[in-house]
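Biologist: Before we go through this protein together, could you show me the model and then take my questions one at a time?

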Amino acid sequence: MVTMLEARLQTQQRNTHNSQETGLWSSGFGMKLEAVTPFLGKYRPFVGRCCQTCTPKSWESLFHRSIMDLGFCNVILVKEENTRFRGWLVRRLCYFLWSLEQHIPPCQDAPQRIMESTGVQNVISGRAPGGAGEGQVPGLVKKEVQRILGHIQAPLHPFLLRLFSWALLRFLNCVFLNVQLHKGQMKMVHKATQAGLPLVLLSTHKSLLDGILLPFVLLSQGLGVLRVVWDPRTCSPTLRALLKKLGGLFLPPEANLTLDSSEGVLARAVVHAAVEQLLVSRQPLLIFLEEPPGAQGPRLSALGQTWLGLVVQAVQVGVIPDAMLVPVAITYDLVPDAPCDVYHALVPLGLWTGALAVLRSLRSWGRSPRVCVRVHLAQPFSLQEYTVNARSCWGSRQTLEQLLQPIVLGQCNVVPDTEKEQEWTPATGPLLALKEEDQLLVRRLSRHVLNASVTSSAVMSTAIMAALLLFKHQKGVFLSQLLGEFSWLTEETLLRGFDVGFSGQLRCLVQHTLSLLRAHVALLRVHQGDLLVVPRPGPGLTRLARLSAELLPAFLSEAVGACAVRGLLAGRVPPQGPWELQGIELLSQNELYRQILLLLHLLPQDLLLLQPCQSSYCYCQEVLDRLIQCGLLVAEETPGSRAACDTGRQRLSAKLLWKPSGDFTDSDSDDFEEAEGRYFRLSQQSRCPDFFLFLCRLLSPLLQAFAQAATFLHQGQLPDTESGYTEQLLQFLQATAQEEGFFECADPNLAISAVWTFRDLGVLQQMPSPAGPMLYLSPTFTSRENQEKLEQFIQQFI
């Protein structure tokens, strides 16, 4: 009680002292022990609106007006009221009765319809290249079609589905505390199904359990049985046979053969026919747009884009008039199948391996705190509408080598006014059969949907706690102080339009979160009765860095802006100089734009996930606005310049009047002429230095990995394969982490991002060889001087 009274007295004094200051810092850095106000639902933001630029009609028509009045439901909480029966026996058999009452549509004659489709018949009759007319017997081709179709899918097994749903419901209640779903988001999806169009759900991929959990959630909400696209690499043949009876879909290996292969032609025709039959029968389809967990490489999945390309092509050829796309995301407090210490390579999951994992989870039930799960369904939108509107937003694009290398080497100071071309997912399989323009459409649509999924994802308590411990208190923090900062960071997350996946009393939340992170956190009791929370040094910091990355999308604009400001001040003020000295420097708007653009080009697209309809210069203005709104930058008018708030003298030029809709930005409207007189300086509020440093550190794991990769250029053994050089770099990062303590950089995915970015930048070159593609050091960067220029260019943002 005394501690609470002292905290409230300090809070009142602080509020009185800062009454003249404005901003978004509602809770400050002090202690706050009462319940967190936004968790009452009053201030919870709505997330998941579709893009108003690309899908304006869907944005207006498919939004549920009373969505904020509808609460959350725990999907795995099944009681007597969820069945049609009542009584003592029903209360003990409610899980089994609930599974019996789920609607499972009857099996249709899908194999026969696929066999009779136009594409398959053209191959069988020989009218298509690689068909039976080129030396093959039609009867043998039919048997081959049946074999390929059996590899793709199998008829649904209703009894097995009901039995599996009952067993899964019991398992989820043992493993998870709850599985939350917003009822308003579900209302929007049900409204989209009323149009009579097929539903295609495009999801993130956090766990191998996603492919089982999401169909269960949507089956319980009356959407029917989902057909789930699985990656064949993640499943053994026995597990694939089981999953196909539960609604799983698998791409046959023959579909990835070259276009001139007869086997590849037949397999692609069968895959196209299977997807078309699936869409015509209006069965909901679930596609994962991210690579499976454990896969080291790009974020966007080549397999997911392949299946999405099949859907796009079905709409374009007129098999179905349209399809409704629903971005989906699922977030965990802790991902169930994620390793705690190392990042394992992707290995196939067998049936017995999965059963043993289930038994281990049940065995640990009751001894470890259970995690919470949130399923997010963003607003559905029309694929046909997006296809029509998205093509008007395409502009000129250049490679990263053309954009950034002259600036890194000091040969040029002007950043070209074009977008960055960086595609890290190869076009394989049936996607190669599409036109080049349609392949670009699929890539942009995938990035657009993944952006919507990540934006609608709730931030879990473990991400907030990991960010605080890693980027603010790596040497330790008292629990009383941690309570206030947890509340502050939660409110800042909500104010930026991102939802959180937890609620309740603040102290209970922090204690529950620390219990989940107990493998990476040490709790030391001090004599005053308080607790000292200290992150465990070593590889556990890498795990905290992965958890804190879930918070980065909420603060990404401010983090990019803070690192850009840090780069501007790097050549003017000593890095360790006082905040007051840094605040004296005037920063012009043009300089800020240039610095933000340089950092945007350097950062991978997989991290930024910018909407393709949003230009880089538009994002620069958004970053600058965010820095002003959060109070880090203050406008400073120079003598003789027009005030920033004076709109009377703005001129509309002919160039502006003919700009496409996607290019209307503040920088374009002024043509960079009016912006020359706008200057800013760092705010001198007492809370800004800590927040500025926190924002800069959010990007430090990636930027530190890039800087160390530049240092490693003169030590690496080249030529080498891409995987071999990545392994060399990872070993160097791990050795550096042991020496300097930067364990958050020792991540395989960061090493891969560094190698691929340097390849796009022209630092590394990939050349063919008899042993396969090999990486060589570019002649431009063989000199130590240019390597140091690259390292200095990256270091300015850290």
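Modeller: One term is needed at the outset: a crossing of two helices is left-handed if the near helix is turned anticlockwise from the far one by less than a right angle, and right-handed if clockwise. Please also keep in mind that this is a predicted model.

Biologist: With that term in hand, in which hand does helix 16 pass helix 24?

Modeller: Helix 16 covers residues 400-408 and helix 24 covers residues 589-602, and their axes lie 10 Å apart at an angle of about 125 degrees. Angles of 65 to 115 degrees count as roughly perpendicular and those over 145 as roughly antiparallel, so helix 16 is oblique to helix 24. The contact is made by Leu400, Leu403, Leu404 and Ile407 of helix 16 together with Arg594, Leu598, His601 and Leu602 of helix 24. The crossing of helix 16 and helix 24 is left-handed.

Biologist: And in which hand does helix 30 pass helix 32?

Modeller: The axes of helix 30 (residues 700-711) and helix 32 (residues 748-761) come within 9 Å and cross at roughly 60 degrees, which makes helix 30 oblique to helix 32. On the side of helix 30 the contact is made by Pro701, Leu702, Ala705, Phe706, Ala709 and Ala710, and on the side of helix 32 by Leu750, Ser753, Ala754, Thr757 and Phe758. Helix 30 passes helix 32 in a crossing that is right-handed.

Biologist: Is proline 701 buried or exposed?

Modeller: Proline 701 has its place in helix 30, and, not counting residues up to four places away in sequence, it touches Phe471, Glu744, Cys745 and Leu750. Between proline 701 and alanine 746 there are 8.6 Å from C-alpha to C-alpha, although the two are 45 residues apart in sequence. The relative accessibility of proline 701 is 9%, and because buried means under 20%, this residue counts as buried.

Biologist: How does glutamine 121 count by its relative accessibility?

Modeller: Glutamine 121 lies in helix 6, which covers residues 118-125, and its C-alpha is 9.5 Å from that of lysine 142, a residue 21 positions away in sequence. The relative accessibility of glutamine 121 is 28%, and because values between 20% and 50% fall in the middle class, the residue counts as partly exposed.

Biologist: How many residues of helix 10 are buried?

Modeller: Helix 10 covers residues 210-220 and is mostly covered; among its buried residues are Asp210, Gly211, Leu213, Leu214, Pro215 and Phe216. Just after helix 10, glycine 222 takes a positive phi of about 85 degrees. Of the 11 residues in helix 10, the number buried is 10.

Biologist: Which strands stand at the edges of the open sheet of 3 strands?

Modeller: This sheet has the order 12-14-13, with antiparallel pairing. Strand 13 and strand 14 (residues 531-535) pair over 5 bridges, and within that pairing leucine 523 has valine 533 as its bridge partner. Each edge strand has a single partner strand, so one side of each is left without a neighbour in the sheet; these are strand 12 (477-478) and strand 13 (521-525).

Biologist: In the hairpin of strand 18 and strand 19, what positive phi does glycine 772 take?

Modeller: Strand 18 (residues 764-767) and strand 19 (residues 774-777) pair in the antiparallel sense over 4 bridges, and glutamine 765 has tyrosine 776 as its bridge partner. The hairpin has 6 residues between the strands, and there glycine 772 takes a positive phi near 115 degrees.

Biologist: Finally, what share of the protein's residues is buried?

Modeller: The protein has 33 helices and 19 strands, and residues 24 or more positions apart account for 78% of its contacts with a separation of 6 or more. The accessible surface comes to about 34600 Å², of which 55% belongs to carbon and sulfur atoms. Among the 798 residues of the protein, the buried share is 55%.

Notes:
Residues are numbered from 1 along each chain as its sequence is written. This is a predicted model: local features need pLDDT of at least 70, side-chain atom pairs count only at pLDDT 80 or more; totals for chains, interfaces and linings use all residues. Side-chain values use heavy atoms; hydrogens and water are left out. Helices (H or I, at least four residues) and strands (E, at least two) are DSSP runs, numbered from the N terminus. Buried means under 20% relative accessible area, exposed over 50%, partly exposed in between (1.4 Å probe, protein chains only). Contact means heavy atoms within 4.5 Å. Accessible areas come from the Shrake-Rupley method with a 1.4 Å probe; for residues, only the protein chains shown count as cover. Two strands pair if DSSP finds at least two bridges between them. Axes are lines fitted to C-alpha atoms, for helices over the stretch in contact, and angles run from 0 to 180 degrees between N-to-C directions. Angles under 35 degrees count as roughly parallel, over 145 as roughly antiparallel, 65 to 115 as roughly perpendicular and the rest as oblique.
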